[in-house]
Each structure stands twice: as structure tokens, then as C-alpha cells.
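Please consult the sequence and the structure alongside the text.

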Amino acid sequence: MNEPDANQKYWDELAPCYQDQTSISTDDFHFGPLLPGNADLRLLPESLDGLECLEIGSGAAQNSVYLAGCGAACTAIDVSPVQLGHAAELARDAGVEIELQALAMEDLDQLQPRVFDFVHSTFALPFATDPQTVIADAANLLKPGGHLLLTTAHPAFAGEWLELGDEGCGLFLRSYFDPPGDVRFTEDGTTFVRSRARPIGEMLDWLLAAGLVLDRLVEPQPLPVPTMSPAEITSRIPYYSDVWRHCFDQIAHIPVVVIFAAHRS
């Protein structure tokens, strides 16, 4: 089974549980677990009305639903038809229209000759067979002056957390330049997918080689979840789950994602 097919099987199987146990808002643009949304980070284009947008590896397309609610014309692709089924329900409930396509990110070139004002992806790139080609293909889908917003796994977070006695917890990372993969299996154990972070410098080189200009690089810290009320968490944290809440102390010390904001000149 090739990697896109394995990704589809894994996410088709996981989607119902994932969507049930993870709270992902459609009232703000999210970047990752326990992190502030765009209301705080201000990484989206200033005006969204009328923009043609593409979401890569959308899952249930909560970010596209948000953008569509701001007046954008949104297309969302994902390898998992089950995830896209959840996306269709969310869009219908929000009263917005989104074009949904079951398409692996490895097949982005099939969207040509279409071009977009804004291409975005949140934590899909680590599952790509060839992330450099995905970035190049995404850049080719941008109009001149168009923007790319890429949120992906931070390589420092790929290490193993260890108890260090009186020193508390610490991170052991054998090699920053070759971070270990996160291997995940389907329930029957017959299929696995590998999520892998890449060094920041390597990803930046791929963006520049694709003809993009870097505008910002962000390593966001989580909001202070332990001191926040449930209402504050709901209103300010667009991506939340109890599982990630238990990881707060780790995320508070080591970035879980890195965000690249770039544009095509």
C-alpha cells in the first residue's frame, strides 16, 4: 500500500473519534493544539472577502469554513472522504459553501491550471511522501502576489520527554537534523502512516527554492490554559482537546508547530 492510500485508510478510520474528541472552532483560524488563533497571531491576509483560497490536507476543513464565513471562496482537499464528510456537515451547519475534493496532497498538480490568492495548510505536511514537492506544487498554484500559510510539525517537539528528577522534565532529541518519525497504525495493525518533522532551515530552503518570499516565521506558545476559565478557553483557543491539555507543560516549553507565512512575488 502506497503512502497516500495508507493515509486515507488511517484517517478514514480515525476521523469519527478525532472529530468527536477534538474541539476545532470555525469562529477563528486555528494553528494547532492549545495555541492562539488568528485573532491573536494576525497571520491571515488583511482582507478575506472574495479571495480564492485552497486548503491542503483539510481534515474537516474548519479553517475553510471560517474563511468562507469571512467571504472567501474556498476549496478544501483531503485524502480522506470520511473527513470531507464531516467538512460538508460543518459547512452546511455554518451556512457556507465550500468546494470539497478527495485528493492527496501528492496530487496537487491535478488542480492546475487553477490558481489561488491564498493557499494554507495546518499540520498536513508531516504526512507527505515528498514534502518538498508539495511545497513546490503549492507555490505553483498561487497567483502573483498570492500568499502561502504553512503550519507544520516543529522538529524540536519530535524528541522524547524524560523525567529528570529534581530538574523536572526535559527533552531528548537524538538528532535535530534527522528527527524521529511518529508511526501510527490502523486498528487492525496492518497499515501504518508516518508523520515526520523536518528541520526549519530545510523547509525554509524548500520555500525559497519554490520562488516564495518569506514574510514571517512564527513558533507560537500556547495560551495559559491552566489559569483560563472554560469560557476563555472556548473563546480564545480554536483547537482544544483533553489529550493536548495534559501535554500543556511540554508545549509551554517546546514549540509544537512552526508557521511559515510567505508570498509569491
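Which residues do ring pairs link into a cluster? The cluster consists of Y10, W11, Y18 and F127. Rings of Phe, Tyr and Trp (its six-membered ring) pair if their centres lie within 6.5 Å; planes under 30 degrees apart count as stacked, over 60 as edge-to-face and the rest as tilted.

The model is predicted: local features need pLDDT of at least 70, side-chain atom pairs count only at pLDDT 80 or more, and totals for chains, interfaces and linings use all residues. Residues are numbered from 1 along each chain as its sequence is written, and side-chain values use heavy atoms, with hydrogens and water left out.

**Overall fold**

The protein contains nine helices and 13 strands; helices (H or I, at least four residues) and strands (E, at least two) are DSSP runs, numbered from the N terminus. The radius of gyration is 18 Å, close to the 18 Å given by the globule rule for 265 residues, so the protein is as compact as a globular protein of that length. This radius is taken over C-alpha atoms, and the globule rule is 2.2 Å times the number of residues to the power 0.38. Along the principal axes, the C-alpha atoms fill a box of roughly 55 × 40 × 40 Å.

Of the 265 residues, 49% count as buried. Buried means under 20% relative accessible area, exposed over 50%, and partly exposed in between (1.4 Å probe, protein chains only). Among contacts (heavy atoms within 4.5 Å) between residues at least 6 apart in sequence, 71% join residues at least 24 apart.

The side chains include 14 positive and 38 negative ones, and the centres of the two sets lie 3 Å apart. Lys and Arg count as positive and Asp and Glu as negative, whereas His and the chain ends are not counted; the place of a charge is NZ of Lys, CZ of Arg, CG of Asp or CD of Glu.

**Aromatic pairs**

The count comes to seven aromatic pairs. One of them joins W11 and Y18 edge-to-face, at 5.7 Å centre to centre and 80° between the planes. W11 is buried, with a relative accessible area of 14%. The rings of F157 and W244 have their centres 6.5 Å apart and their planes at 35°, so this pair is tilted. It links distant parts of the chain: F157 lies in the loop between β6 (142-153) and β7 (160-163), and W244 in helix α8 (residues 242-245), 87 residues apart. F157 counts as buried at 18% relative accessibility, whereas W244 is partly exposed at 23%.

R42 counts as exposed at 61% relative accessibility, while F123 is partly exposed with a relative accessible area of 28%. A cis peptide bond joins Q112 and P113, with omega about 15°; P113 lies in the loop between β4 (98-102) and β5 (116-122).

S195 lies in strand β10 (residues 192-195) and is buried, with a relative accessible area of 7%. Not counting residues up to four places away in sequence, S195 touches F123, P126, F127, G181 and D182.
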